[in-house]
Amino acid sequence: MKLLAPSWWILAWDRFWFAPGSPRNLAGARITFATYSLWVLLSRNLPEMSGLPPVFWSQVGASARWRYLDFPGHPDLERVLVWITAIALLGAIVGVLPRFSCFVSGLLLYHLAPLESLIWIPHPYARGLTISVIALLTLSFSPCGDCWALLRPRWDKPPAQRGDYTWPIRLLQLYLVQIYFFSGYAKVMVVGWKWASASNIRSWMLRCTQNEQIRVFHALGTWIAARPLACWCVGIGTLLFEFGLVTALFSKWARWVLVPLVAVFHLGILLSMNLVFLNVPQLLVFANWDVLAAWFNSLVRHLPAREQENALRY
Amino acid sequence: MGVDISGKESDIDYRAWRPLALEELLSWIKLHFARLDPAARDRVGAYLLGRSNLAREQALSLAGLPYPNRWFGPLTAPTHMLHPAIWSNPESVPHNSFVELRVYEETWNLEERSHDPQKVTRVLVFDYRK
């Protein structure tokens with residue numbers, strides 16, 4: 001009966017988005033997303049994509065070019081933009097004008113990320129920077145610089161309510177969880193529940209281990225493909241993970257159990273199918289940075305004591 | 001595949017196509033290449049042949065084929081699909097320049113190939129000669 005009352009839903013909604021939160025968790029998310037984005041950005045040669053011969057750009061429509069302001073023949077300009085983005089991301093990591101740095105880097109990544117694939121497809125999904133764009137922009141509208149920041153502007157005052165530290169974290173978690181949810185949803189809608197069948201998983205394993213262009217690891221994939229029970233476990237386990245990770249938004253237990261398991265799940269995909277899900281480090285947005293910081297502090301405090309003990313021993 | 005003056009075909013390392021990731025290049029070829037006129041196709045062929053020969057020379061040099069980011073080295077973020085670095089060992093790098101580039105489309109039956117890895121059908125999609 002309690003569930004039917006509108007007041008219960010309003011309270012639950014408030015609790016979800018605005019429960020008192022920690023500035024450390026938000027700062028941890030800022031550092032995680034900025035570090036990750038810098039890693040992916042500097043691992044790509046995006047400016048050179050603008051410098052490709054014009055024939056590669058000949059099939060890119062005007063709408064795609066104007067949507068991201070991506071045009072061929074400007075590699076030097078793109079190089080400058082990459083450096084500005086990298087500096088802004090460094091600013092976000094160390095906390096120099098953190099909100100402004102997040103905003104600039106998010107905006108510039110919106111322009112730079114599609115360069116990777118624009119010659120044939122106008123959206124850069126699964127290439128590592130899609131979540132970064134919306135995450136950095138979200139962080140720029142939040143008090144993400146209230147902790148672990150070197151330089152905060154004077155006008156950037158701490159929020160009156162600690163609930164302001166929670167909604168950005170919830171949004172970032174939602175961005176990540178929806179990837180898994182819609183991945184499962186697409187499988188069920190396009191293929192049906194039989195996607196999880198042993199024969200389908202066997203086909204995927206064989207396809208990914210037989211293709212010489214992507215065949216880096218093959219032992220685990222062929223081992224799974226040869227065992228119907230293992231294929232069933234992979235299929236059902238995948239759907240359970242993809243639909244189940246939503247619970248990590250609401251349950252501490254699910255965060256503790258499912259999030260580390262998802263990281264292991266991606267390691268399994270990498271070793272069996274040669275597919276990389278770059279966003280795995282972003283799962284740190286589920287970490288409790290207060291607990292981690294306390295643990296780290298206790299470690300640092302105990303270190304000199306142990307050194308003293310060792311010195312006395314000798 | 002790169003083809004040298006003697007007609008010998010060799011696989012090309014995925015890093016040769018930088019800044020293009022291999023999956024982006026293959027997808028572009030699959031979707032758009034057939035729509036190009038012969039002159040445009042030749043421009044693509046000349047560019048890719050140039051890239052593959054440059055990469056071959058780099059792979060034969062002491063420094064080897066560089067990572068996209070020299071500071072990150074092997075910690076450079078990979079693309080969504082992994083690719084084998086077949087030119088990491090100088091002995092596996094062709095010593096003669098490529099004078100021709102061939103793009104094949106490969107198809108196979110998963111079950112047949114699981115018994116015999118050579119059971120692949122190859123169709124020549126594009127052939128560019130310098």
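**A tour of a helix crossing and a sheet**

The crossing of helix 9 and helix 12 of chain A is left-handed. Keep in mind that this model is predicted.

**Stop 1: chain A**

Select residues 167–190 of chain A for helix 9, then residues 228–244 for helix 12. The two axes come within 7 Å and cross at roughly 130 degrees. Angles over 145 count as roughly antiparallel and 65 to 115 as roughly perpendicular, with the rest oblique; helix 9 and helix 12 of chain A are therefore oblique to each other.

Now show the side chains where they meet. On helix 9 of chain A, pick A:Tyr180, A:Phe181, A:Ser183, A:Gly184 and A:Lys187. Facing them from helix 12 of chain A are A:Leu239, A:Phe241, A:Glu242 and A:Phe243. Colour this contact by class: five residues are nonpolar, two polar and two charged.

**Stop 2: chain B**

Move to chain B. Here four strands form an open sheet, in the order 2-1-3-4, with antiparallel pairing. Select 9–10 for strand 2 and 121–129 for strand 4 of chain B. These are the edge strands, and each pairs on one side only.

Next, select residues 2–4 and 98–107 of chain B, which are strand 1 and strand 3. They pair in the antiparallel sense over three bridges. Click B:Val3; the bridge partner in strand 3 of chain B is B:Glu100.

**Stop 3: the helix across the sheet**

Finish with residues 38–60 of chain B, helix 2. Helix 2 lies across strand 1, strand 3 and strand 4 of chain B. Against strand 3 of chain B, helix 2 runs at about 105 degrees.

Key
Residues are numbered from 1 along each chain as its sequence is written. Chains are lettered from A and ligands numbered from 1 in the order in which they are written. This is a predicted model: local features need pLDDT of at least 70, side-chain atom pairs count only at pLDDT 80 or more; totals for chains, interfaces and linings use all residues. Axes are lines fitted to C-alpha atoms, for helices over the stretch in contact, and angles run from 0 to 180 degrees between N-to-C directions. Helices (H or I, at least four residues) and strands (E, at least two) are DSSP runs, numbered from the N terminus. Angles under 35 degrees count as roughly parallel, over 145 as roughly antiparallel, 65 to 115 as roughly perpendicular and the rest as oblique. A crossing is left-handed if the near helix is turned anticlockwise from the far one by less than a right angle, and right-handed if clockwise. Two residues are in contact if their C-beta atoms, placed from the backbone, lie within 7 Å. Ala, Val, Leu, Ile, Met, Phe, Trp, Tyr, Cys and Pro count as nonpolar, Asp, Glu, Lys and Arg as charged, and the others, Gly among them, as polar. Two strands pair if DSSP finds at least two bridges between them.
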